[in-house]
Amino acid sequence: SMKGSGGAISLHLDGMLFPRESSSREIKELNGLWNFRADHSLNRNLGFEQAWYKSRLAESGPVIDMPVPASYNDITQDPRLRDFIGWVWYEREVLVPSGWVSEETRVVLRVGSAHYYSVVWVNGIKVMEHEGGHLPFEAEIVEVLRNNPGGACRITIAVNNTLTLQTLPPGTIQHIDDPTRYPADYVVQNTNFDFFNYAGLHRPVMLYTTPKAYVDDITVLTTFADNIGLLSYQVSVLGSPNPTVTVTLSDKDGCCVASSTGPSGVIKVTDANLWWPYLMHENPGYLYSMGVSWAAFIVGSVYEDVYALPVGIRTVQVTNTQFLINNKPFYFHGVNKHEDADIRGKGLDWPLMVKDFNLLKWLGANSFRTSHYPYAEEIMQMADRHGIVVIDECPGVGIKDIRSFGNASLSHHLAVMDELVRRDKNHASVVMWSVANEPAAEMPPAGFYFKTLMAHTKSLDPTRPVTFITDSNFARDKGAPYVDVICVNSYFSWYHDPGHLEVIPFQLNTQFENWYGKYQKPIIQSEYGADVVPGLHTDPPMMFTEEYQKMVLQNYHDVFDRKRKEYVIGELIWNFADFMTAQTVTRVVGNKKGIFSRQRHPKAGAFLLRERYWRLANETGLLPVGARYP
Ligand code: GCB
């Protein structure tokens, strides 16, 4: 694949283009009901010992229905499955069209994400393994299908949710051997992050085809000069020594506006429509379609592959005090989210996704951070189309133990950044990479760790700024020297000085002055907030009431309003919606810092934020008068 240099995006992996239908590609979605069995054996290894993948899963023992995509945890009434640790087994049989099993076709099995570690078999033959719960993986399976005429295809996926000191996110497994206080063979999973460790096949699973020689990857970098848009592209074709690559660029109406030939080049578009954030332009999220095709004429037949990639033309730049999109100052007024909802857990859900984007737009939010792991590609595409700006975070959350700063952790973290940049590099909405959330950045090894990690990310993608989100002391944080934007989380009058709203103006002002004074880099308040149990009211405001959340927000906003005139470039509320966590004494059926409930009903804080975000949009955006506050 591509060996980049200079200003190019450089990855050492094959491509991971989102599967799209075209005249040369077909898709078969495998969403719906799968057979499922959790391995409750003591060592969780019975499935491997008995080779459950060798024949139908039901032959190994009892199976249940399991929807895909979804987390398995909340689907049944079985508490042992909700808090299960170890291997679970999914299985599904599909019939593959006979036309797919040919010398000219690749058949690819793709898993959008499976948390955390997966092994995949087709008809009993292992086709791939993957580590990491939030990024896609795929394998060619046509050879396996060829050995099995009739088109029957049994897909078995074993998924293990166990987190260790070397996984991302990290965790530890604790075996407790104390018969006086615990049942025999007692095992718990400990983590240092604040969301439930949902597991299963979280995103679509599909089969798709490409020709044997195929467009494997596309990388597009964009800029503009006056009214000319410039797209420099690189296409990698695999399976053909001398591909004839044609690239066309079509506008929203499907009219071809420019074209080029060759595996790399620069396309010029006159009177380019730039990709603008929501509320910054009357026509945000403008996307062109880049049609990439490869063709060859071999003994009288035409072989070709066609792929259409949505692309937005925009630039991103950071100064000492500003974040510029298309050379205009951009102020992040947005949210932190989670992939989280009742019943489905972290499973991709179309109604939920569209509802969330409608809520973002209602709120006047122009941005979100993918706290604390990469979100589904379908969500990223939605952000592209609606002009919602994204800070794209990898699953580096809860890195608190010094043993998670070793070489094994670092090399896995680098590999995850490879996979993340490979997947998301062409999303116009993505304006910054976040390599971690609240790591123990004051520990001695954190300096080398984050220096390496951020340099690596910059070498993968020199076009986007890189950051990580900190809650460390400004004077002792060893990662901050390497970020482009300082992102700080703080919970004044909550975890510190609980109940004392009056400390916020002092402590927040000091926080900003300290960070800016030390680094002279722009700052995003990447989290702030307060829990609300919806419907609780007091006056004067007390913690956990709707009034208290409003007061926390208001106190923060007063300081933001002063500092955004200087170097504060954004504010992201924690959190968009209530979400599930592990059970602890500080959580009332999950984290309640949402401005929406888990069912997406607004709390009082949502209305306050809505007033503010629309006001900010009107003040700082480039909105035409007609598009103002609804
Ligand atoms: C944080 C974490 C986030 C938590 C939040 C909280 O700093 O980044 O994952 O959920 O605080 O509510 O405690």
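Predicted model: local features only at pLDDT ≥ 70, side-chain atom pairs only at ≥ 80, totals over all residues.
The buried residues of helix α4 are covered by elements that include β25 (332-336), β26 (367-369), α5 (377-386) and α10 (604-620).

**Helix α4: span and buried face**

- Helix α4, which runs through residues 350-363, has 14 residues and reaches 20 Å from its first C-alpha to its last, close to the 20 Å expected at 1.5 Å a residue.
- Its buried residues are L352, M353, D356, F357, L359, L360 and L363, and, seen down the axis of α4, these fall within an arc of 160°, so they line one face of the helix.
- In an α-helix there are 3.6 residues a turn, so residues three or four places apart point the same way.
- On the other side of α4, by contrast, W350 and P351 are exposed.

**Helix α4: its two ends**

- The N-terminal end of α4 is capped by D349, a side-chain oxygen of which lies 3.0 Å from the backbone nitrogen of L352.
- Just after α4, G364 takes a positive phi of about 80°.

**D531 and its surroundings**

- D531 lies in the loop between β31 (523-527) and α9 (546-563), and D531 is buried because its relative accessible area, at 2%, falls under the 20% cut-off.
- The side chain of D531 makes a polar contact of 2.7 Å with the side chain of K593, and another polar contact, of 3.4 Å, joins the side chains of D531 and W494.
- Leaving aside residues up to four places away in sequence, D531 touches W494, F544, T545, R587, N591, K592 and K593.

Methods
Residues numbered from 1 in each chain as written. Heavy atoms only, no water. Helix = DSSP H or I, 4+ residues; strand = E, 2+ residues; numbered from the N terminus. Buried < 20%, exposed > 50% of the residue type's maximum accessible area, 1.4 Å probe, protein only. Polar contact = N/O pair within 3.5 Å; in protein donor to acceptor, adjacent residues only side chain to side chain. Contact = heavy atoms within 4.5 Å. Expected span 1.5 Å × (residues − 1). Arc of directions from axis to C-beta.
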